[in-house]
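User: I am new to this structure. Please show me how to read it, one feature at a time.

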Protein chains: 4
Amino acid sequence: MAKSKYEYVKEFETDDRMLRNVYVLVRIDGKGFHKFSQTHDFAKPNDVRGINLMNHAARCVMHELDDILLAFGESDEYSFLFRKSTDLYQRREAKIVSTVVSLFTSAYVYYWNDYFTDLKRPLYPPVFDGRAVLYPSEVEVKDYFAWRQADTHINNLFNTSFWALVEEGGLTPKAAEARLCGTDSKDKNEMLFTEFSTNYSKLPAMYRKGSVLLREQIPKDADKDAIIPTLPETLPGSKSAKVIPAPGLQSGPDPISEPASEAPSGQSTPISLDSPIVVQETVMQENSSNSSSEGKKRSIDANEAEQQDVEEGPAAKKEAPAFKRMKKGVVIDHIDIIGEKFWTGRGAYILAPEKKKKLRS
Amino acid sequence: MAKSKYEYVKEFETDDRMLRNVYVLVRIDGKGFHKFSQTHDFAKPNDVRGINLMNHAARCVMHELDDILLAFGESDEYSFLFRKSTDLYQRREAKIVSTVVSLFTSAYVYYWNDYFTDLKRPLYPPVFDGRAVLYPSEVEVKDYFAWRQADTHINNLFNTSFWALVEEGGLTPKAAEARLCGTDSKDKNEMLFTEFSTNYSKLPAMYRKGSVLLREQIPKDADKDAIIPTLPETLPGSKSAKVIPAPGLQSGPDPISEPASEAPSGQSTPISLDSPIVVQETVMQENSSNSSSEGKKRSIDANEAEQQDVEEGPAAKKEAPAFKRMKKGVVIDHIDIIGEKFWTGRGAYILAPEKKKKLRS
Amino acid sequence: MAKSKYEYVKEFETDDRMLRNVYVLVRIDGKGFHKFSQTHDFAKPNDVRGINLMNHAARCVMHELDDILLAFGESDEYSFLFRKSTDLYQRREAKIVSTVVSLFTSAYVYYWNDYFTDLKRPLYPPVFDGRAVLYPSEVEVKDYFAWRQADTHINNLFNTSFWALVEEGGLTPKAAEARLCGTDSKDKNEMLFTEFSTNYSKLPAMYRKGSVLLREQIPKDADKDAIIPTLPETLPGSKSAKVIPAPGLQSGPDPISEPASEAPSGQSTPISLDSPIVVQETVMQENSSNSSSEGKKRSIDANEAEQQDVEEGPAAKKEAPAFKRMKKGVVIDHIDIIGEKFWTGRGAYILAPEKKKKLRS
Amino acid sequence: MAKSKYEYVKEFETDDRMLRNVYVLVRIDGKGFHKFSQTHDFAKPNDVRGINLMNHAARCVMHELDDILLAFGESDEYSFLFRKSTDLYQRREAKIVSTVVSLFTSAYVYYWNDYFTDLKRPLYPPVFDGRAVLYPSEVEVKDYFAWRQADTHINNLFNTSFWALVEEGGLTPKAAEARLCGTDSKDKNEMLFTEFSTNYSKLPAMYRKGSVLLREQIPKDADKDAIIPTLPETLPGSKSAKVIPAPGLQSGPDPISEPASEAPSGQSTPISLDSPIVVQETVMQENSSNSSSEGKKRSIDANEAEQQDVEEGPAAKKEAPAFKRMKKGVVIDHIDIIGEKFWTGRGAYILAPEKKKKLRS
């Protein structure tokens, strides 16, 4: 047959399966987003519509790919952590990276108009790139996310100071840059406070700490599929069975109803990530009250039930009844992931040992 | 500084630069497009809107990435061939693959409504994945594209026969499948002709041969940037300076006015790839008349002028004046790329030797 | 300069540094050793000279490369485990694999005549190949060595049975093979006992369990460099300062003075690996008596002193005085490495956590 | 079975097959050979015994691995070029590199005493490392070898000058280094001529140009296997059927008293690579004059006959009868491989197109 004569070219494909039993981290970055944000008049230093759209796109990625345990976003980048034992696409690197990037990009364009309501679509198609990095141990995973959140802090403090000087202080960008040269965090905090009456630590945590996507219990009736039309059955692990037209999509009010008083991290407010985020505010409040009392306990939903019996601590099982009307979902929060507190608290499930069976394939 | 303490995690990133001086082929595939096409009621066996949208997205990729010499699309897949000497992202594999996939996906969602005019956006975000393959020699490059086009032929003949049996013949899918089992090309051609009065070879070439994107001369006033809003200055090699709103985008008539008598390749009709394709029909006709007289000569525009003096054949230089009002652009056609004719004709520039300077970096 | 014009060819070299912070395992295998052993009339099923020569070569590798923590040999293969944090050759794979293979091969030919005393050199140069495998966790490292030792057991029991049937039982090889077909371990053990009066479990442990090379305390005056002429200062980590002619090299008596009663692992007899092994029998006895009382405690010598304070357990520090006249050296034993006992006992140092400083490079 | 429980660790092995249809170049380097040559009192700037031993070891590699087309050696390094289509070990990188390195090392130790006749074996085992580099095109292959030979020239001219200043001129090494600092080739040539009456261009080509190993016709009765005991049937492609004791090996006379009368070698200019290599010095001089008349003809022996019909040039076929009593063997010469002359002459077979069948596997 004609076909077989040419098929030898397939043999030039290489096997790019990644080492087993190490964490797979996929980080995506916007390409030319400095320009993109200017072209679309993003608010400076932070555009809440832009951040919410990024978060929405990231949530879609987590909804489709169950092996992602945690995601962290800031600016135009997002990091996704896969479980050690993931066998998604047999761990083929190009497949995994390209799928995450495509899914994220697709969702970003798809949901654009839900956040930028005055523009049907962006002025040109936005682009992201991505890469995978392998991390063998828990220490590196923690340090990776600490690295990104430290970066968020440094950049946001600089940008907040810079734009205060430019927009409120009337300095030219060049003069603002010169003014900030050589200053440290304390200097910038003080300058914001004395010159612009801005208490930096009271600014929204979303700006200062970035966004953390977790898998936690959410109310059972918060059906993601009713709200987020997403790929049915096309991606491994997808459980979205049916596609329901999204009637509420256009109704999005101003999503910046950020709770001014950011609660201490221990009682922080895990926000169910249904779309658009604002629509679910009420559910989230309920959720958060549930969560605040149960917050530190680990939660496991049906589709990861096989994990349950391996995970240490009898408490995990005991609390199950309390969550009768809950299920595992993706929630968003803006909390500290630098330091041990997160990893022994709400993040404990992320680095918990996995079933041996999985380890050995 | 807090940052540096964690920055060691960057050392886990690996160097994935691909071997130099070999062709880089990036192939993308739709994920779950069987389901996607059903959900969106794609016409069977071919949906012209879907094909045109694929082609549009592919053209955006070629507009942004100048080092792509040739692209070929069929069904839900597209292949992009980079020049041997490309140094895009220092040939880093993940960067190149993820950028191509993201760009394609972004454009697919972005231009969706220009082709599927009754639906603001798809019912859920579509996803593509991608991979890179290296081909050292011209022989393999030719055979790669022959492989894909042979695949197009085989699949399309099968699908055309299958859907004729189902939709016109009233067979169940199962019965249709059984009916076709064990048949060869000749059998299917005959069945289509005798039972469904269909001369397979008269069906649109776009269905039978897939779509070929080439870099060729187009009229100088066919400004791609006026029509296709695309990334300004964000991707290496992008030359789109300004973004102009696309007023004509919605006006697309039925694009299937495929000339039934596919002319011999020498006088073939390179179609300027402006968007939507149909809008430019007139321009294309002019273009094709220009092309038909000059068709076999190679054409080089300003931004690739440095290539010009290397390329063999004095004719190339002599004809330059004739193209005074032409420039290099991306054109689409549905022609045979199996066999030598294409590669010594319109495709000759693709495998032509490159400047030595480039070869040696 | 003429040179620079061509130097661009270096840019085709790829970066093959292996992922950090995972165990590096290098396994080498003899090429065509079935033929090689026949050509040189190796005793069947085990040739003690051949095994001792393999062990000698492996010990040379460990002497040169300090980051190797453990080695295991059987038949014509040897496995070397590097510490997670090794930065040998910046973890470049080809460098590490080729150095281990070359060093092993070199030593094998070099010391040939010390074991095969009637033949100046082999009848032709023997060849080994090698490969590296990465193991992220302790579980896999344990299971890797268990895999190899299980293989040793299975092969040796089969070979012992086969050659008993052939050499003592007078069967043809084909008949012997047929006889053993479908038998399990118990069947073979019984056959050996009833038909050949052989108690398989009393055969030398070296045959049944392979050879384990460990880093343990040896008497301070057992100067390896006086006995094994080996690379001075040429390999990273080499501490061999001076080369002393090896006068005793030819005197090797039969080295099979294997202690018939294999002691329980706790009191097992770590044998200092000086060369030829037999020469050091006395030293070994002393060593083993020392070891037998201290066997389970971990021992660290000067050149790895920096490790000491990280390693858990206060006992490690307390015992230091007792080893005043001891130093770390490479010892050989033929013990069980399947099961936890080894890894919590004499092998505990191998998988012990490393200094954080090292982890973070 | 006990075995299978652990066998999952094999899944951590990665597929390291190298891209097809590109040249594979393996370069090996001595480790710590500065020290090694000092320890063994190598003559400065060149030790003919050391060079000949290197060449002998390289020849063994070529005898075993038929897919090596060309080798080039200088100082303590050797480069081996494999044909594009080689499928040795399915192109697995670690296998190929480690086998070449092991084979070379093994032969180096094995034949040591044939060249260093006063020392049974080196004072310690020498070590080499190796790496593979892929080259897609003929241009790079030529430039690679030009790069190495240019390096030979530069180093040897420097070393010759340096040691003349030290050993004949009585300078300290430091003073000699200072004296040469900033000089170019012409300066050094002149200094050698005026101060040390040395015409650099008359020094042995082996020193100035390194050593080139080619596959050419040799007399049929020059049976390599009678002279070089080497691996029988153990390596893919090996054709050595039987091992013949090497009677002459022990008789090592001073190898630089080359028997001028190495007979039939007569017409065929290429010289059979019998051992010790030094025997051929005079012949080589003759060789070069012969070569000029016969040099450009290509020679192919029986075992590569299938190549013959592909190779261009009718001359190749016409001369076949003349070589009736010849066969393909490995020959050594010390000629220019910088420049086109070599690659269109004696080296023409190296880059000649291969059979299509091979290209497509």
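Predicted model: local features only at pLDDT ≥ 70, side-chain atom pairs only at ≥ 80, totals over all residues.

User: Which elements of chain C supply the side that touches chain D?

Analyst: α1 (2–6), α4 (93–110), α5 (112–115), β4 (128–135) and α6 (138–168) of chain C each supply at least two residues. The largest share, 13 residues, comes from α4(C). By class, that side of chain C has 37 nonpolar, 12 polar and 18 charged residues.

User: How many salt bridges does the rule find there?

Analyst: Eight salt bridges cross the interface of chain C and chain D. In one, the side chains of K95(D) and D129(C) meet at 2.5 Å, N to O.

User: What area is buried between chain C and chain D?

Analyst: About 6000 Å², with 62% given by carbon and sulfur atoms. Y110(C), R121(C) and W147(C) supply 13% of what chain C buries against chain D, more than any other three residues.

User: How are two copies of a chain related?

Analyst: In general, by a rotation about an axis and a shift along it. Here, a rotation of 180° with 0.0 Å of shift superposes chain C on chain D, with an RMSD of 0.1 Å. The two copies are thus related as by a two-fold rotation axis. They meet through the same surface, because 100% of the interface residues of chain C are also interface residues in chain D.

Key. Residues numbered from 1 in each chain as written. Chains lettered and ligands numbered in written order. Heavy atoms only, no water. Least-squares fit on C-alpha atoms with pLDDT ≥ 70 in both. Contact = heavy atoms within 4.5 Å. Buried area = accessible area lost by both parts, 1.4 Å probe. Salt bridge = Lys/Arg side-chain N within 4 Å of Asp/Glu carboxyl O. Helix = DSSP H or I, 4+ residues; strand = E, 2+ residues; numbered from the N terminus. Nonpolar A, V, L, I, M, F, W, Y, C, P; charged D, E, K, R; others polar.
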